Amino acid sequence: MEILFAIAIGTVVTASVYLFLSRDLLRGLLGFILFGTAVNLAILLAGRVGPMRPPLVDAAVLGAGAANPLPQALILTAIVIGFGLTAFALILTLTAHREFGTTSVEELAEAETPKVPANTAAAATRREAA
Amino acid sequence: MTAQLLLVAPLLAPLLGAALTALLWRRPAVQRPISLAATVLLLGAAVGLLAHTASHGTLVGAMGAWPAPFGIVLVVDVFSAIMLVITGVMAVAVALYAMGPGAAERDRAGFHPLFQGLLLGVAGAFATGDLFNLYVWFEVMLIASFGLLVLDRTREQIDGGLRYVLLNLVGTTFFLLAVGLLLGLTGTLNMADLARLAPDVDNQGALAAAAMLLLVAFGAKAAVFPLFNWLPAAYHTASMPVAAIFAALLTKVGVYAIIRVFTLIFAHDAAFFGPILAVVAMATMVTGVFGAAAHYDVRRILSFHIISQIGYMLVGVALMTPLAIAGSILYVIHHIVVKANLFLIAGAIRQAGGSFALARLGGLWVTRPLLGLLFLVPALSLAGMPPLSGFWGKLAVVRASLEAQSWVLAAVALAVGVLTLFSMIKIWNEAFWKAAPAGPPPAPPTRSQRLATFTPIVALAAITVTIGLWTEPFLALSFQAADGLLDRQAYIAAVLGPEAAR
Amino acid sequence: MNDSLILRTSAPLLLWLSIAVSVFVLLRGHNAPGGGFLGGLMGAGGVLLYAIARGRVAAIRFLRLPPVAYCGIGLLAALASGLPGLLGEAPYLTHLWAFPAGLPLGTTILFDLGVYLVVLGTITAMFLALVGD
């Protein structure tokens with residue numbers, strides 16, 4: 001079971017790294033989501049194999065086969081936080097697509113070396129448009 | 001009751017600020033005084049906490065009365081309290097500065113709720129005694145900082161923001177992986193409990209792997225070599241108050257986490273991690289300062305100097321001697337004040353000269369001599385000129401390196417100081433000294449805007465001079481914090497009870 | 001948005017239904033699966049459905065306050081729920097209980113209500129930003 005888990009985690013990480021290497025922001029974001037999933041699986045695995053004592057409740061009361069709830073609580077929190085961050089990054093990507101018509105990292109990065117002092121010019125045009 | 005209230009007050013102040021400013025989302029004018037009041041409350045609570053911990057020792061609170069290894073504990077020792085106080089000082093300064101030019105657009109975009117959320121995350125990270133809780137505070141901080149970074153929605157902000165988002169997402173995921181690994185190895189995530197159990201873990205190799213993952217995660221946050229690329233890509237796009245609070249606090253949370261984790265949990269393996277951290281520290285100093293030398297935009301120069309200075313702060317945890325750690329802590333205090341002030345002054349330079357690009361600036365010494373003097377205080381302090389605050393920080397770090405016979409470390413620290421001076425002189429020459437470029441000067445700000453801009457600048461410069469001329473109490477406090485960090489058993493006893501310590 | 005007559009007509013009904021269920025889940029969370037987080041998600045689901053059917057402006061009008069203000073109220077409630085414990089020497093967030101006529105009432109419900117509102121506000125704010133106009 002542990003080996004199966006390890007292989008699954010490895011596969012998901014491979015896929016996510018492949019997506020990270022893409023120049024498209026949306027793919028990079030999908031890669032991040034996959035990466036987060038792989039890490040959550042890793043926490044689940046780590047929580048099971050470790051020398052765990054059941055927190056708060058006595059082992060005798062719980063009986064055999066009771067799962068340790070701590071990794072699950074951690075994963076739940078991580079999923080919620082990951083959800084928030086992903087949503088935010090998605091909104092940013094959408095803004096980039098709407099306002100500049102591209103989600104390619106390279107095309108966006110052309111803004112890096114502006115011909116005019118960008119802060120004033122860009123901010124001013126934006127204010128006029130709004 | 002009072003002690004427990006005092007313990008959570010630095011978290012409650014920004015939480016209250018965030019709640020009220022979010023509630024008044026459509027009334028930016030009302031948000032401003034609330035935001036400022038919340039930061040003053042934060043500063044007051046932090047000062048009280050520092051006074052309490054300095055005289056009564058570490059303060060521990062088990063949230064919701066769940067006992068220590070199971071529930072989440074807040075643990076504030078002298079080091080944490082110092083960081084909270086400096087957070088409060090910066091919060092007040094930036095809240096004031098944010099009332100200057102550009103305030104109306106910023107406030108409409110939601111500056112104040114995000115600003116308070118950022119402070120909440122930072123204060124929480126400094127106060128928590130639980131590794132997973134630290135992860136949660138990191139994320140609170142991160143979400144707020146994303147929002148602040150893209151406040152104006154310009155193209156370069158979106159571009160810089162996306163880089164910042166993706167790199168930090170990966171960084172925090174590494175953090176999570178390390179948390180999972182540590183949980184599997186020890187069955188606990190309470191930092192004191194981890195420190196107690198870590199030396200007895202059979203699989204020390206896996207423990208070292210977890211430590212390295214944490215170093216990567218915190219290092220990405222602190223912008224150490226080679227994980228610094230996002231910082232100059234993102235910071236120079238933010239609006240000035242945002243850049244100032246980022247420069248002051250965000251990277252320092254990473255530094256704090258590195259110092260905390262490597263002095264507490266992995267201290268038994270210091271002989272292994274010390275050299276790694278020393279190399280990282282040196283590489284960070286050198287790359288940062290060379291990056292700054294290559295740039296001609298005030299904000300980019302300052303951004304690269306943040307990176308270079310982070311290196312000095314890591315020296316303490318690389319050497320693990322009381323003097324080195326005290327030096328690092330003094331350096332953090334000095335650096336936060338000075339660097340934030342330089343960003344605030346960069347904003348004032350922009351107001352006076354109409355640009356951040358050195359090529360378009362000039363002649364400010366003639367038109368704004370006061371601004372020139374105010375620039376010189378933090379600039380020379382950053383370069384380590386006596387008798388300003390930076391000199392003492394550098395002196396302590398260099399002396400600790402010499403005592404530890406790390407000649408290379410000492411030499412690099414000194415050389416980087418000289419190169420820092422070069423960058424500062426570059427800004428001085430270009431912006432203040434050379435003849436003014438042709439073209440009409442920008443419209444002068446109103447009187448109240450000038451007041452909002454210059455009050456924090458003058459106050460922070462005064463703090464720099466005070467630390468420089470009256471170093472003794474600051475150094476004594478740093479030594480007290482360093483002794484607290486090196487005495488792990490006291491920390492464990494404070495959190496888990498005396499019988500848990502050995 | 002897709003203009004479906006069935007969806008447009010049933011949207012208000014579904015909105016109120018999902019809010020009623022979300023409140024039930026919020027209260028049920030007291031001692032069974034459920035609670036503020038789940039309830040908030042369900043409530044937000046109803047608002048989002050309404051926004052899809054009737055448009056973003058209608059959803060904002062229904063909420064009356066900006067979504068972020070809901071987060072503000074929620075944070076205030078959660079913050080306040082931890083304070084009574086401080087009065088009795090206990091650490092922050094130590095919850096207190098009272099049993100008027102056998103009904104278990106605790107400050108935890110205030111905390112859960114806070115979570116409910118924060119989740120509702122956050123999800124709605126995010127989604128409305130994605131919907132556009």
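Colleague: What makes B:Asp107 and B:Arg32 a salt bridge?

Modeller: Keep in mind that this is a predicted model. The closest N and O atoms of B:Asp107 and B:Arg32 are 2.5 Å apart. The cut-off is 4 Å between a side-chain nitrogen of Lys or Arg and a carboxyl oxygen of Asp or Glu, so the pair counts as a salt bridge. B:Asp107 sits in helix α4 and B:Arg32 in helix α2 of chain B, so the contact ties together parts 75 residues apart in sequence.

Colleague: Why is B:Asp107 called buried, and why is B:Arg32 called partly exposed?

Modeller: Buried means under 20% relative accessible area, and exposed means over 50%. B:Asp107 has 1%, so it's buried. B:Arg32 has 24%, which falls in between, so it's partly exposed.

Colleague: How do you know that B:Asp77 and B:Arg260 meet in a salt bridge?

Modeller: Their N to O distance is 2.9 Å, and the limit is 4 Å, so they qualify. This pair links distant parts of the chain: B:Asp77 is in the loop between β2 and α3 of chain B, while B:Arg260 is in helix α11, 183 residues apart. B:Asp77 has 5% relative accessibility, so it counts as buried. B:Arg260, at 3%, also counts as buried.

Colleague: How many salt bridges does the structure hold over all chains?

Modeller: There are 6. Another of them joins B:Arg299 and B:Asp297, at 3.4 Å from N to O. Both B:Arg299 and B:Asp297 are buried.

Colleague: On to the rings. Why is the pair B:Trp428 and B:Phe432 called stacked?

Modeller: Ring centres have to lie within 6.5 Å, and planes under 30 degrees apart count as stacked. Here the centres are 5.1 Å apart and the planes are at 25 degrees, so the pair is stacked. B:Trp428 and B:Phe432 are 4 residues apart in helix α18 of chain B, about one helical turn. B:Trp428 is buried at 15% relative accessible area, and B:Phe432 is buried at 1%.

Colleague: What makes B:Trp428 and B:Trp433 a stacked pair?

Modeller: It's the angle again: 25 degrees between the planes, with 6.0 Å centre to centre. Those values pass the 30 degrees and 6.5 Å cut-offs, so the label holds. B:Trp433 has 53% relative accessibility, and the line for exposed is over 50%, so B:Trp433 counts as exposed.

Colleague: Which residues do ring pairs link into a cluster?

Modeller: A:Phe88, B:Phe146, B:Tyr164, B:Trp230 and B:Phe246. Over all chains, the count comes to 26 aromatic pairs.

Colleague: How do you know that B:Lys394 lies over the face of B:Tyr312?

Modeller: B:Lys394 is 4.8 Å from the ring centre and lies over the face of B:Tyr312. The distance limit is 6 Å. B:Arg106 lies over the face of B:Phe111 too, at 5.9 Å from the ring centre.

Colleague: What makes you say that both faces of β2(B) are covered?

Modeller: In a regular strand the side chains alternate between the two faces of the sheet. In β2(B), B:Val73 and B:Val75 are on one side, B:Leu74 and B:Val76 on the other, and all are buried.

Colleague: How do you know that strand β1 of chain B pairs with β2(B)?

Modeller: Two strands pair if there are at least two bridges between them. β1 and β2(B) are joined by 4 bridges, so they pair, and they run antiparallel.

Key:
Residues numbered from 1 in each chain as written. Chains lettered and ligands numbered in written order. Predicted model: local features only at pLDDT ≥ 70, side-chain atom pairs only at ≥ 80, totals over all residues. Heavy atoms only, no water. Helix = DSSP H or I, 4+ residues; strand = E, 2+ residues; numbered from the N terminus. Buried < 20%, exposed > 50% of the residue type's maximum accessible area, 1.4 Å probe, protein only. Phe/Tyr/Trp six-rings, centres within 6.5 Å; stacked < 30°, edge-to-face > 60°. Lys NZ or Arg CZ within 6 Å of the ring centre and 35° of its normal.
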